[in-house]
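Welcome! Here is a short tour of one chain and the ligand beside it. Please keep the model open as you read.

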Amino acid sequence: MSRHDDNRLREQIATLGRSLFDRGLTMGSSGNISVRTDDGGWLMTPTNACLGRLDPARISRLDGEGNCLDGDRPTKESFLHMAMYAERPQSGAIVHLHSTHSVAVSCLPEIDHDDCLPPLTAYYVMRVGRLPLVPYHMPGDAALGDAVKGLAGRHSAVLLANHGPVVAGKSLEAAVYATEELEETAKLYLLLRGHNPRTLTPDQVAALEARFPRD
Ligand SMILES: O=C(O)[C@@H](O)C(=O)COP(=O)(O)O
Ligand SMILES: [Zn+2]
């Protein structure tokens, strides 16, 4: 990867991380971001780093086996990101946040574990689609990687129970947009609970998926 591309990706991770943090989409040092690099490795946010105050020069650079080549120690979820990338060769970036409404939905007993949120809006179907729940694991538990393996090939986003969303996209911008849309839909879902909202019909969802295929 050229020095120019490396710098550009580092700047983009820091800029979008700050944007997410400043809008309250993740708090404290929660959340992590990764981007696939064209040498077969990744740039990942360091563990215990605040997404709002990332130093581009200290972002971790990993090789294709997950060894840290330079920068600070990578996120403890590096294996989770890598497990998702292994199933999704088309994905170039992954975002994990503790976005409040998505986390709230991940704690509800009544949600459908195969698809946690209903198709309330067209944009949600276009950006996220079906959202499976991954059973609870401790953050950093290597078993989380195995748990997403069967799901990530078919789903660009998963919801970790009592934890938060993990969302892949073709580019970092696309992953961020999808994460934002997931959070807004989780908010709508909570607002509409008890109101028996109309959702999109299966035919409407199928028409959207045909017209706007996701990665
Ligand atoms: O919830 C956790 O502890 C992690 O999933 C997380 O969000 C932040 O961990 P690091 O990326 O290792 O800071
Ligand atoms: Zn987390």
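## A buried arginine to start

Let us begin with Arg127, which lies in helix 4 (residues 122-127). Helices (H or I, at least four residues) and strands (E, at least two) are DSSP runs, numbered from the N terminus. Arg127 counts as buried because it has 24 C-beta neighbours inside 10 Å. A residue is buried if 20 or more other C-beta atoms lie within 10 Å of its own, exposed if 12 or fewer, and partly exposed in between, with C-beta atoms placed from the backbone.

Leaving aside neighbours within four places in sequence, Arg127 is in contact with Tyr177, Ala178 and Glu181. Two residues are in contact if their C-beta atoms, placed from the backbone, lie within 7 Å. Arg127 and His137 are 10 residues apart along the chain, and their C-alpha atoms are separated by 26 Å.

## How to read the model

This is a predicted model, where local features need pLDDT of at least 70, side-chain atom pairs count only at pLDDT 80 or more, and totals for chains, interfaces and linings use all residues. Residues are numbered from 1 along each chain as its sequence is written, while chains are lettered from A and ligands numbered from 1 in the order in which they are written.

## The chain as a whole

The chain has seven helices and eight strands. Its C-alpha atoms fill a box of roughly 50 × 35 × 30 Å, taken along the principal axes. What radius of gyration would a compact globule with 215 residues have? It would be near 17 Å, and the chain agrees because its own value is 17 Å. The radius is taken over C-alpha atoms, and the globule rule is 2.2 Å times the number of residues to the power 0.38.

Of the 215 residues, 40% count as buried. Among contacts in the chain with a separation of 6 or more, 66% come from residues 24 or more positions apart.

## The core and helix 6

The largest nonpolar core has 54 residues, and those with the most contacts inside it are Ile13, Met84, Val148, Val158, Val167 and Ala175. Helix 6 gives the most to this core, with eight residues. A nonpolar core is a set of buried Ala, Val, Leu, Ile, Met, Phe, Trp, Tyr and Cys residues joined through C-beta atoms within 7 Å. Not counting residues up to four places away in sequence, Val167 touches Ile94, Val95, Ser156, Ala157, Ala175, Ala178, Thr179 and Leu182.

Helix 6 has 21 residues and should span 30 Å at 1.5 Å a residue; its end C-alpha atoms are 30 Å apart, so the two agree. The expected span is 1.5 Å times one less than the number of residues. Buried residues in helix 6 include Leu172, Ala175, Thr179, Leu182 and Ala186. An α-helix has 3.6 residues a turn, so residues three or four places apart point the same way.

## Helix 2 and its cover

In helix 2 (residues 78-87), Ser78, Leu80, His81, Ala83, Met84 and Tyr85 are buried. Which elements cover them? The cover includes strand 1 (32-36), strand 2 (42-44), strand 3 (60-62), strand 5 (93-96), helix 5 (143-152) and strand 8.

## Loops and positive phi

Ser171 is found in the loop between strand 8 (164-169) and helix 6 (172-192). With 15 C-beta neighbours inside 10 Å, Ser171 is partly exposed. Beyond its neighbours within four places in sequence, Ser171 is in contact with Gly92 and Ala93.

Just after helix 6, Gly194 takes a positive phi of about 85°. Asn196, not a glycine, also has a positive phi, of about 50°, and is placed in the loop between helix 6 and helix 7 (202-211). Asn196 is exposed because it has 6 other C-beta atoms within 10 Å.

## Around the ligand

Ligand 1 is surrounded by Ser29, Ser30, Gly31, Asn32, Thr47, Asn48, Thr75, Lys76, Glu77, His96, His98 and Pro139. A residue is near a molecule if its C-beta atom, placed from the backbone, lies within 6 Å of it.

How does this shell divide by residue type? There are one nonpolar, nine polar and two charged residues. Ala, Val, Leu, Ile, Met, Phe, Trp, Tyr, Cys and Pro count as nonpolar, Asp, Glu, Lys and Arg as charged, and the others, Gly among them, as polar.
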